[in-house]
Amino acid sequence: MEQIKITFPDGSIREYAKGTTAMQIAESISQRLAQEVLSATVNGQVVDLLRPIDADAELKLNKWEDPEGKHAFWHTSSHLLAEALENLYPGIKFGIGPAIENGFYYDVDAPEPITEADLPKIEKKMEELARSKEPVVRTDVSKADALRTFTEKGDQYKLELIGDLQDGTISFYTNGRFTDLCRGPHLPNTGYIKALKLTSVAGAYWRGNEKNKMLTRIYGISFPKKSMLDEYLVMLEEAKKRDHRKLGKELELFHFSPRVGQGLPLWLPKGAALRERLENFLRSVQKKYGYEQVITPHIGMKDLYVTSGHYAKYGKDSFQPIHTPDEGEEFLLKPMNCPHHCEIYRFKPRSYRDLPLRFAEFGTVYRYEMSGELHGLTRVRGFTQDDAHLFVRPDQLLEEFENVIDIVLYIFKTLRFNEYTAQISLRDPNNKEKYIGTDENWEKAESAIIQAARDKGLKTVVEYGEAAFYGPKLDFMVKDAIGRKWQLGTIQVDYNLPERFDLTYTGSDDLPHRPIMIHRAPFGSMERFVAVLLEHTGGKFPLWLAPQQVVVMPISEKFNDYAEKVSKFLNNCDIRSEVDCRNEKIGKKIRDNELKRIPFLLIVGEREQAEELVSVRVQGEGDKGSMSCRQFADYLNDLVKKETEM
């Protein structure tokens, strides 16, 4: 029988009979591996374990801890959900049912409303079907057969999807009596799914278009072990307590008003002060690295974004053009800062001696997100990026990129994000038409990012197809205090915008040369970063950042004047202090202010007033004894200094 060579991630090579499946290969290595593997990556493409391999290939076997393994697990779970729904609701129609970052969902058009109260019975049916260990079988079909199948079922949503597909690229997957239009990959059978939970029901417009029908979206999550589900549910409860929308209201940081508009946050005084401290913190870091602040308008001519390529890529996600009285004149609310910074570069001729140039801006941009996608501060229509664009010579690229990595890592250290992975986001090699620029420039940009990450010793993963349309990226994936992953901070190498804007500098040879552009945003957006920081800390910010660092609490009204004197002294020492002079017992004041997550509570009474002391209580730690106001101020400011020192 003809043999094929299989190359494994460690570089080892084994020979197998042509047509061997990834599952058979796993079994040949160990039975335990065969029990744990969920999908396979063959020559960069994720496939079912039971798909025959007919030629020499590079093979990676994906388990639960691999994103590709989870994806197959949750994708199969979405089909299991659909099968249960078809059993319970005859005549139901199906939209799409993908795996997502945490679990899965299915959009359905049901003959009767499905609510949260219906989820337990749907879960029960899913568990019953999972125990049956139904095989998940792939079938390649012609476009004509696919159309015939879903015409007979009367499912207009699948027919619409099939209409967009090319003949010869269509496949069905069947588990039990349920058949779905799907590319896969999937688990070999439903028995892998040992524990599941349907988490919520929401509305979703078909294909994300508000003009289409609103479908019912059912979210869920599943695991290969019940203990994993139990841990997840505990985390979910903790996440509810940490929801930034809840904490933002309690701490009076931000507000959304329907009169202002969806997705347009209003920053309240304490929230605005918090943002200002974050911005000043980054400004001070940037100053040490030679950045210059710039300011650009909130709008720009439409042609500016046509030149950059942003209009072609993101025009449909932008607010509609603003038409002026001048015929043919159109502006857009700024969706990106980079085209404006390119124009600042073009302000005057540049020499090789001028580079690198580092332009930084806290620039507010606007994108028309669908109303169903908006979520607190994490998904808004107007947000401020901590944006900067560096214009460098080729010989400066690596050093400048690594300096940006240093800034990102310093921010993570200062804000207590201790667990992170650097994701190297590259072009999809099989779909290059999504991107602009030459292969040569893409290869140089990707090589620079890979080299910089290696030089800095970063823990990295590579994701194909996640690059920006104009260049590859290094995205920082941060794990928060309860184990959730967030994308915070991005650095991008761009050879293409300098070409589109015809940016040049005069080299030492007196000839024109093209600079390379580095895009970077360590926070990403101020809105999203504050949301993530709120949920990471549970509202207990680092001392240097806390909206209110100290509350002074007199034990009775007789000591209000002394409390005000203490607070005034602390404020003069750059310590954010307020007085709680309510006519309440001291125990209630302590409880109320601990709920506000104020780091230090100072109690003053007869002894403290007589000896000019304060009794110090630390959030979550209790009493720390008495000290003078000066001693306390020096102590607190020393703590702040240690938190932020480079």
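Reply:

**The second largest pocket**

In this predicted model, the second largest pocket holds about 510 Å³ of space. Its lining is made up of 26 residues, and those closest to the pocket centre are Phe 541, Ala 546, Arg 597, Ile 598 and Pro 599. Among the elements that contribute to this lining, helix α20, which spans residues 629–644, gives the most, with four residues. Sorted by class, the lining of the pocket comprises twelve nonpolar residues, eleven charged residues and three polar residues.

Turning to the strands, β19, β21 and β20 form an open sheet of three strands, arranged in the order β19-β21-β20 and paired in antiparallel fashion. The edges of this sheet are β19, at residues 299–301, and β20, at residues 322–323, each of which pairs on one side only. Between β19 and β21, the latter covering residues 330–333, there are three bridges, and the two strands run antiparallel. Within this pairing, Gly 300 stands opposite Leu 332 of β21.

Thr 421 belongs to strand β24, which covers residues 419–426. The relative accessible area of Thr 421 is 15%, and the residue therefore counts as buried, the limit being under 20%. When neighbours within four places in sequence are left aside, the contacts of Thr 421 are with Lys 459, Thr 460 and Val 461, and also with Asp 475, Phe 476 and Met 477.

Definitions and conventions
Residues numbered from 1 in each chain as written. Predicted model: local features only at pLDDT ≥ 70, side-chain atom pairs only at ≥ 80, totals over all residues. Heavy atoms only, no water. Pairing = 2+ DSSP bridges. 1 Å grid on protein atoms, 1.4 Å probe; cavity = no way out; pocket = protein on both sides within 12 Å on 5 of 7 lines; lining within 4 Å. Points joined across faces, edges and corners; volume = space filled by probe spheres on them. Nonpolar A, V, L, I, M, F, W, Y, C, P; charged D, E, K, R; others polar. Buried < 20%, exposed > 50% of the residue type's maximum accessible area, 1.4 Å probe, protein only. Contact = heavy atoms within 4.5 Å.
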